Amino acid sequence: MTAIDYINFAVAILTIALGLMGWLAPRWTMEQLDMQAGPTNMAYTEVSAASGCLFVGLGLGAMLIDQPLAWVVVGLAYAGAATGRVTSIFRDNAASRQSWTFFGCEAALAAWLILANIGGV
């Protein structure tokens, strides 16, 4: 295994761990994200799905496939998250240390996964 492989797998494990928190602890995740449920509690299912199992599946899928294109796809997912976050920061006047930190992490993971693996596609 190369250094790129080790870092890819570390990112996948991080992705899975974050996804598990969103899936299995949606209330805690929502507290960290400054979110609250409405009258139907739909927010819990949304966090479990979109901030939870989606990322578990992405991480596991990339690890199982273990091909450059799979890692690039995970990078594109992080790039999409970073794009949505920075758009909201400006559009919704949602700038905060936490928002910018999350954006930075998402952008960094996206850049790594795409740039480190694009040559093998």
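Which residues does Thr29 touch, not counting residues up to four places away in sequence? They are Met21, Gly22 and Val47, where contact means heavy atoms within 4.5 Å. Thr29 sits in helix α2 (residues 26-32). Helices here are DSSP runs of H or I, at least four residues, numbered from the N terminus. Thr29 is buried, at a relative accessible area of 10%. The classes are these: buried is under 20% relative accessible area, exposed is over 50%, and partly exposed lies in between, with a 1.4 Å probe and protein chains only.

The model is predicted: local features need pLDDT of at least 70, side-chain atom pairs count only at pLDDT 80 or more, and totals for chains, interfaces and linings use all residues. Residues are numbered from 1 along each chain as its sequence is written, and side-chain values use heavy atoms, with hydrogens and water left out.

Now the charged pairs. Side chains of opposite charge can pair when their charged atoms come close. A salt bridge puts a side-chain nitrogen of Lys or Arg within 4 Å of a carboxyl oxygen of Asp or Glu. The whole structure holds 2 salt bridges.

One joins Glu106 and Arg85, at 2.7 Å from N to O. This pair links distant parts of the chain, 21 residues apart. Glu106 belongs to helix α5 (residues 97-117), and Arg85 to helix α4 (residues 68-91). Glu106 is buried at 10% relative accessibility. Arg85 is partly exposed, at 26%.

Another salt bridge pairs Asp92 with Arg91, with the closest N and O atoms 3.0 Å apart. Asp92 is partly exposed at 41% relative accessibility. Arg91 is exposed, at 58%.

Definitions and conventions
Helix = DSSP H or I, 4+ residues; strand = E, 2+ residues; numbered from the N terminus.
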